[in-house]
Amino acid sequence: RAEAALFYAAALGGPVEVLSERPLIVKLPNFASPAECASLRRRAVRATTRSTVVSVDDAKAENDYRTSRTRWLDDASVPPGLSERAAAIAELPLGARGRN
């Protein structure tokens, strides 16, 4: 836990709390400012879609047990600096994302 806490504290420049090592769960206080959170919420509510699951034939499908809503934001839609912090924490190049 101490190693993970040191890594994330150095990356963020502030204290963090490692809640679990397996799976790794880290609480990052003040990762996003109140203004950044408000900006994300405003953008997110504009165009959410029903979340899907992958069916047995590898197709995306809605179902009765997953009722959440999703909104994907590209880097240009995210407040300046937030994408960079997220990329640094994830140890990924900015703009890297999984492909389905």
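Which residue of β2 does Ser20 stand opposite? Ser20 stands opposite Ile25. Keep that pair in mind while we walk through the chain.

This is a predicted model, in which local features need pLDDT of at least 70, side-chain atom pairs count only at pLDDT 80 or more, and totals for chains, interfaces and linings use all residues. Residues are numbered from 1 along each chain as its sequence is written, and side-chain values use heavy atoms, with hydrogens and water left out.

Start with the strands. Helices (H or I, at least four residues) and strands (E, at least two) are DSSP runs, numbered from the N terminus. Strand β1 covers residues 17-21, and strand β2 covers residues 24-27. The two run antiparallel, joined by four bridges. Strands pair if DSSP finds at least two bridges between them. A hairpin of two residues links β1 to β2.

Pro23 sits in that loop between β1 and β2. The peptide bond joining Arg22 and Pro23 is cis, with omega at about -5°. Most peptide bonds are trans, and most residues other than glycine have a negative phi.

Two residues have a positive phi to look at. Asn30 lies in the loop between β2 and α2 (34-45). Phi of Asn30 is near 65°, though Asn30 is not a glycine. Asn30 is exposed, at a relative accessible area of 76%. Here buried means under 20% relative accessible area, exposed over 50%, and partly exposed in between (1.4 Å probe, protein chains only). Glu91 is found in the segment after α3. Its phi is positive too, at about 55°. Glu91 counts as exposed, with 59% relative accessibility.

Now turn to the helices. Helix α1 spans residues 2-12, and helix α3 spans residues 82-90. Their axes come within 10 Å and cross at roughly 155°. That makes α1 roughly antiparallel to α3. Axes are lines fitted to C-alpha atoms, for helices over the stretch in contact, and angles run from 0 to 180 degrees between N-to-C directions. Angles under 35 degrees count as roughly parallel, over 145 as roughly antiparallel, 65 to 115 as roughly perpendicular, and the rest as oblique.

Which residues of α1 and α3 meet? From α1 come Phe7, Tyr8, Ala11 and Leu12; from α3 come Arg85, Ala88 and Ile89. Contact means heavy atoms within 4.5 Å. The residues of this contact divide into six nonpolar, no polar and one charged. Ala, Val, Leu, Ile, Met, Phe, Trp, Tyr, Cys and Pro count as nonpolar, Asp, Glu, Lys and Arg as charged, and the others, Gly among them, as polar.

Ala9 also lies in α1. Ala9 is partly exposed, with a relative accessible area of 22%. Beyond its neighbours within four places in sequence, Ala9 is in contact with Gly14 and Val16. From Ala9 to Ala61, 52 residues along the chain, the C-alpha atoms are separated by 40 Å.

Leaving aside neighbours within four places in sequence, Ser83 is in contact with Asp75, Val78 and Leu94.

End at Arg71, in the loop between β6 (69-70) and α3. Arg71 is partly exposed, at 33% relative accessible area. Arg71 and Arg85 are 14 residues apart in sequence and 20 Å apart in space, C-alpha to C-alpha.
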